[in-house]
Amino acid sequence: MKACLTIVSVTLLLAAPVFAQATKAKAQNVPEIPYESVPNFLKLPPGLYLGESMGVATNSKGHIFVFTRSANTRLFEFDQNGKYVRELGEGNYGFEFAHSVRVDPSDNIWAVDEGTNMVIKFNPEGRIVMVLGHRPDAVAGAVAQSPPPNVPAEKYILGRPTDVAWDAQGNIFVSDGYINHRVVKYDKNGRFLKQIGSEKPGSEPNQFNTPHGIAVDAQGNVYVADRANHRMQVFDNNLGPKAIYDNIGDSWTVCISPGPHQYLFTSNSNPNGNAPGSWDITGEIYKMELDGTILGRFGHASKEFGGFQVVHMMDCRNPNEIIVAEIESWRVQKLLLKPQAAKVSSAK
Amino acid sequence: MRHKLLFATALISGISAIAQTVPEMPFDSADTLKFPANIHLGEAAGVATNSKGDVFVYTRTGHPTISIGTARPFAHGGSRLLQFDKTGKFVREIGQDSYGFLVAQQVRIDPQDNIWVVDQMSSMVIKFDPNGQIQLLLGRKSESERLPTAAPGRGAGAAEGPPGGRGGRGGLPGAGAPQDVFQRPTDVAWDAAGNIYVADGFGNSRIAKFDKTGKFVKSWGSRGSENGQFNIAHGIVVDAQGNVYVADSGNKRIQVFDRDGTFKTQFLNVGSPAAICITPGAHQYLYSSNSNPPEDIDANGEIYKMELDGRIVGKFGKAGKLPKEFGSVNAIDCRSENDLYVGELGNWRVQKLTLHPK
């Protein structure tokens with residue numbers, strides 16, 4: 001029990017921005033992919049602001065969904081040119097502290113909220129059609145953060161979930177999260193099938209320490225950003241272990257591009273708080289083959305336009321047009337990559 | 001050296017003596033800001049003008065609310081940033097529904113008319129361009145707030161981990177962490193090169209310096225009363241030469257540093273400076289408010305006008321609730337040497353003052 005408590009405390013420290021660690025990626029001599037950031041990409045109407053930009057995703061029409069922490073957590077839709085379209089789910093029961101948004105192949109919009117512990121599925125019209133998880137009961141009053149040890153993970157209760165993905169059959173995979181440290185597989189109707197990991201963090205294979213992002217490839221393999229373990233874990237469709245990629249720093253978020261040749265993107269985001277030296281060893285995004293081969297990297301930590309301030313999520317529907325949401329700059333940038341011009345920089 | 005010290009002592013005591021016979025400066029006050037019917041000014045923590053004379057007010061219009069039925073206690077809202085034109089007509093609100101607007105502390109306008117907001121509870125410094133778009137953020141709001149106890153039956157009394165996003169671990173008390181993590185910051189200023197200086201503040205006791213891109217450069221100070229230490233660094237301004245003036249309110253002094261944080265001198269004759277302002281132009285002056293505490297209007301309240309070397313030119317005003325009286329002045333705008341705006345916490349108002357120098 002004591003050991004468990006210690007682990008939990010360590011987890012709390014890692015989750016707290018000021019103590020977040022920066023991990024230098026082991027990968028060396030990675031080609032630098034040049035890119036430019038599109039100026040004034042998202043055009044917000046007067047009086048509308050993004051807060052911490054936690055989630056970003058596009059649908060099949062190229063519309064962009066941004067899940068943001070303003071004074072209240074809000075979900076906005078923009079068209080492919082960045083023009084504001086509408087707000088979704090305004091004031092709904094599940095919006096409290098944004099974490100992720102993803103769009104499935106049928107253009108349903110899925111929002112993951114780590115404040116209400118909910119995964120909320122909106123249909124393309126913006127109506128809620130399914131929810132996963134259960135919001136803590138308000139009648140319990142104002143409750144401080146749940147003290148450790150964590151209660152055993154339940155099938156249908158999520159503990160600060162972080163992300164969601166689907167396979168070709170529509171099975172749902174949830175990375176869960178900051179309190180639990182597991183990946184849950186549900187069928188397309190939201191019925192529990194299986195989990196890997198548990199309520200306890202761990203660093204062995206098949207254990208997680210803050211599974212922070214998730215993506216599924218066309219074959220149904222599951223890629224999990226195992227952030228505080230400084231790695232990505234890959235599983236087959238039944239959540240059996242396949243591979244571990246541990247040369248990419250802290251995997252904050254993953255994205256897999258569609259199409260016949262899929263690419264994998266992961267961000268070694270600079271940690272919250274901008275501790276001294278952290279910008280020198282973090283901030284870059286890796287472009288990889290699904291087998292873990294690193295093709296290139298791009299981006300760096302900075303508060304300036306074109307640089308990154310804690311990338312929290314990426315959209316890679318077009319692998320050469322990456323849309324990134326950043327926590328600490330309250331913005332979304334569209335990056336145009338020029339992979340053909342990638343070069344190994346002597347400085348790196 | 002000894003001679004120099006003696007001289008300095010003489011100078012300081014001399015200034016203190018002069019403070020007893022400071023000339024009163026006559027002035028008038030006007031209530032110029034016109035509010036839409038559905039907007040009420042709360043505590044007027046910050047007030048500042050831009051180059052066109054537009055007036056920006058950062059105000060506490062409501063307390064932040066904490067949501068229940070959540071994984072952690074989250075804080076929402078509480079402050080608003082309002083813009084008026086030079087005649088006092090309401091122009092617009094900026095930063096509506098902002099994640100960082102919890103407890104207003106200060107607003108300042110830089111030479112390019114960018115609007116900088118300092119929020120004491122989100123511990124953030126937020127830079128808006130003149131169009132009201134966010135350009136730069138320093139610090140990060142704590143993801144959640146601490147509640148004293150857990151609910152019964154849920155392991156009551158178990159301590160939460162350290163609140164996220166707050167500095168100060170290790171090092172001297174109040175020295176903070178060498179990064180842009182603030183603890184109840186109070187004010188922001190810039191030098192001619194665009195370097196950013198943040199007074200940090202109530203929780204920490206330091207000045208943090210960033211380059212114009214927001215990259216951390218250095219910080220100095222810790223909690224205490226020695227030279228270079230602070231007991232609530234409550235305000236900060238930088239003069240045209242890059243000297244940094246810090247309203248060290250708990251120590252009842254203004255400390256002056258060079259741009260690298262090297263202590264130069266201190267002014268001990270202006271009470272407890274809560275708000276500080278420096279005029280632009282060839283001959284710069286300081287204004288500093290010996291603000292009354294919110295719970296007492298029978299003491300202090302006067303504002304001093306000073307030369308940059310600390311000599312007092314005059315003073316005006318006193319604590320109170322009437323026009324021309326002040327209720328815990330928290331902000332002074334002095335873009336025009338004789339036309340000031342003061343923001344008051346105690347009286348929920350902004351007064352426009354016109355000084356009548358003899």
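Guide: One term before we start: buried means under 20% relative accessible area, exposed means over 50%, and partly exposed is in between. Also, keep in mind that this is a predicted model.

Visitor: Okay, so is Glu32(A) buried, exposed or partly exposed?
Guide: Glu32(A) has a relative accessible area of 22%, so it is partly exposed.

Visitor: What does the side chain of Glu32(A) meet in a salt bridge?
Guide: That's Arg297(A), at 3.4 Å from N to O. Glu32(A) sits in strand E1 (residues 31–32) of chain A and Arg297(A) in strand E22 (residues 294–298) of chain A, so the pair ties together parts that are 265 residues apart in sequence.

Visitor: And Arg297(A), buried or exposed?
Guide: Arg297(A) counts as buried, at 12% relative accessibility.

Visitor: Why would side chains pair up like that?
Guide: Side chains of opposite charge can pair when their charged atoms come close.

Visitor: How many salt bridges are there over all chains?
Guide: The structure holds 34 of them over all chains.

Visitor: Give me another one. What does Glu321(A) pair with?
Guide: Glu321(A) and Lys334(A) meet through their side chains in a salt bridge, 3.4 Å from N to O. Glu321(A) is in strand E24 (residues 321–326) of chain A and Lys334(A) is in strand E25 (residues 331–337) of chain A, so this pair links parts that are 13 residues apart in sequence.

Visitor: How accessible are those two?
Guide: Glu321(A) is partly exposed, with a relative accessible area of 30%. Lys334(A) is buried, with 15%.

Visitor: Let's hop to chain B. Which residue forms a salt bridge with Asp200(B)?
Guide: Arg206(B) does, and their closest N and O atoms are 2.8 Å apart. Arg206(B) counts as buried at 0% relative accessibility, and Asp200(B) counts as buried at 0% as well.

Visitor: Which residues do salt bridges with shared partners join into one network?
Guide: That network takes in Glu52(A), Arg69(A), Glu114(A) and Arg160(A), along with Arg72(B), Arg140(B) and Glu143(B).

Visitor: New topic: disulfides. What are they in general?
Guide: A disulfide is a covalent bond between the sulfur atoms of two cysteines.

Visitor: How many disulfides over all chains?
Guide: The count comes to two.

Visitor: Which cysteine does Cys255(A) pair with?
Guide: Cys255(A) forms a disulfide with Cys316(A), and their sulfur atoms are 2.1 Å apart. Cys255(A) lies in strand E19 (residues 254–256) of chain A and Cys316(A) in strand E23 (residues 311–318) of chain A, so the pair ties together parts that are 61 residues apart in sequence.

Visitor: Is that disulfide left-handed or right-handed, and why?
Guide: The torsion about the S-S bond of Cys255(A) and Cys316(A) is about -100°, so the disulfide is left-handed.

Visitor: Are Cys255(A) and Cys316(A) buried or exposed?
Guide: Cys255(A) is buried, with a relative accessible area of 5%, and Cys316(A) is buried too, with 1%.

Visitor: What about Cys277(B), what's its partner?
Guide: Cys277(B) forms a disulfide with Cys334(B), with the sulfur atoms 2.1 Å apart. Cys277(B) is in strand E20 (residues 273–278) of chain B and Cys334(B) is in strand E26 (residues 329–336) of chain B, so the link ties together parts 57 residues apart in sequence.

Visitor: Left-handed or right-handed?
Guide: With -100° about the S-S bond, the link of Cys277(B) and Cys334(B) is left-handed. Cys277(B) counts as buried at 4% relative accessibility, and Cys334(B) is buried at 1%.

Definitions and conventions. Residues are numbered from 1 along each chain as its sequence is written. Chains are lettered from A and ligands numbered from 1 in the order in which they are written. This is a predicted model: local features need pLDDT of at least 70, side-chain atom pairs count only at pLDDT 80 or more; totals for chains, interfaces and linings use all residues. Side-chain values use heavy atoms; hydrogens and water are left out. A disulfide is a pair of cysteine sulfur atoms within 2.5 Å. Helices (H or I, at least four residues) and strands (E, at least two) are DSSP runs, numbered from the N terminus. Buried means under 20% relative accessible area, exposed over 50%, partly exposed in between (1.4 Å probe, protein chains only). A salt bridge is a side-chain nitrogen of Lys or Arg within 4 Å of a carboxyl oxygen of Asp or Glu.
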